[in-house]
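Here is a short report on one structure.

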Amino acid sequence: MTSKKILVTGGAGYIGAHTVVELYTNGYSPVVIDNFSKSDRTLLEGIEKITGIPVVFYEGDCADKEFLKRVFKKEGKFDGVMHFAAYKSVGESVEQPIMYYRNNLDSLLTLLEVMKEQRVNNLIFSSSCTVYGEPDTIPVDEQAPFKKAESPYGATKQMCEQILEDVVKADQNLNVISLRYFNPIGAHPSAMLGELPIDKPNNLVPYITQTAAGIREKLVIFGDDYDTSDGTCIRDFIHIVDLAAAHVKAIDKLSEAGENKGYQYYNLGTGRGVSVLQLVKEFIEVAGIKLNYEMGPRRAGDVVKTYANPTKAKNDLNWSAQYTAKDALRDAWAWEKKISTSRK
Ligand code: WQD
């Protein structure tokens, strides 16, 4: 039986690249497109080192309809699409809202148009727990309402989910699953893949590992006066390999024969809340080194406490996180040491 061909937009990025490895491992044939606006070839090379398979890759932009049509024409029928290509920095989205709305909405709308023209009916969309804002109830389940987005980035994720819900209503053949990531962290255990922030990292774990590697002078913990056990924010830190595996479970589900699946969405988290300070201390223990960190002022727009209720993904996708935050920190540190030495 020929393996199912999956188009992976943004497949040279952090989450996309780890998912491409899981697709190969599970017998799929991924085809990657990426415009390298927030990535480079490093992770494509990492995929090839892990799998031993040359990545089928096209450089280009999802919002470029002629480019997309060329890829669909060249590759023939796709069994499904995974759409990772989007800008994802909360801070940058506040400074450059037009760029974020244009890029994140145009790329999805163009992809949906081409999928319809090419009769490709299965789509996995990269969403985020940010759609919930500050949840009223934790752990957060999928019935939680969307709160007013704290950033244009978060607003684009809410808008994209609304677009997908409306398009599925209009087209009975389309099956879509949105995966709402909590906080993806870590790296592939082989240390061939990991996060590659372009200039200063926005997110916590790459900032920790770059501080530990001496690239950053110190880590500032944004706020220690919140109403939590140790005063710092609470998050659901999920290993990137667990997150990638969930995407395979989701495309498996859409590929199952049978009636149309419509529009579904799932929280992807461990179900465990960990504070920023707890994570920092776990890193110090895992890495066995001192870390230069201090408490600083709160960061505007931060959610205080959020972590997932992962029951729906367990029941519907037969998926649950297998790794711990400590596993992710160990793998993140191994990756950082590897790229730091190669970049010296
Ligand atoms: C986590 C915690 C910070 C850096 C956002 C998006 C989400 C996803 C991940 C894309 C917060 C604290 C951070 C630092 C710190 N986006 N922190 N010092 O904001 O939870 O989630 O990024 O994939 O959709 O909403 O992630 O890693 O930026 O912050 O104290 O130097 O770490 O205040 O409490 P966040 P984050």
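The report below covers a helix pair and then the cavities.

## Source of the model

This is a predicted model.

## Helices α5 and α6

Helix α5 spans residues 97-117, and helix α6 spans residues 152-170. The two pack at an angle of about 20°. Their axes lie 10 Å apart. Angles under 35 degrees count as roughly parallel, and α5 and α6 are therefore roughly parallel to each other. The crossing of α5 past α6 is right-handed.

On the α5 side, the contact is made by Pro97, Tyr100, Tyr101, Asn104, Leu105, Leu108, Leu109 and Leu112. They meet Pro152, Tyr153, Ala155, Thr156, Met159, Cys160, Ile163, Leu164 and Val167 in α6. By class, the contact residues are 15 nonpolar, two polar and no charged.

## The largest cavity

The structure has two cavities of 30 Å³ or more. The largest holds about 70 Å³ of space. Its lining includes Gly186, Glu195, Trp335 and Glu336. Helices α7 (204-212) and α11 (325-343) are the elements that give two or more residues to this lining. α11 gives the most, with four residues. The lining has six nonpolar, two polar and two charged residues.

## The second largest cavity

About 60 Å³ of space lies in the second largest cavity. Among its lining residues are Asn104, Thr156 and Cys160, which also take part in the contact of α5 with α6. His83, Phe84 and Lys157 line this cavity too.

Strand β5 (122-128) and helix α6 each supply at least two lining residues. The largest share, three residues, comes from α6. The lining counts five nonpolar, four polar and one charged residues.

Technical notes
Residues are numbered from 1 along each chain as its sequence is written. This is a predicted model: local features need pLDDT of at least 70, side-chain atom pairs count only at pLDDT 80 or more; totals for chains, interfaces and linings use all residues. Side-chain values use heavy atoms; hydrogens and water are left out. Axes are lines fitted to C-alpha atoms, for helices over the stretch in contact, and angles run from 0 to 180 degrees between N-to-C directions. Angles under 35 degrees count as roughly parallel, over 145 as roughly antiparallel, 65 to 115 as roughly perpendicular and the rest as oblique. A crossing is left-handed if the near helix is turned anticlockwise from the far one by less than a right angle, and right-handed if clockwise. Contact means heavy atoms within 4.5 Å. Ala, Val, Leu, Ile, Met, Phe, Trp, Tyr, Cys and Pro count as nonpolar, Asp, Glu, Lys and Arg as charged, and the others, Gly among them, as polar. On a 1 Å grid over the protein atoms alone, a cavity is a set of points where a 1.4 Å probe fits but cannot get out, and a pocket is an open set with protein on both sides within 12 Å along at least five of seven lines; lining residues have an atom within 4 Å of a point. Grid points are joined across faces, edges and corners, and a volume is the space filled by probe spheres set on the points.
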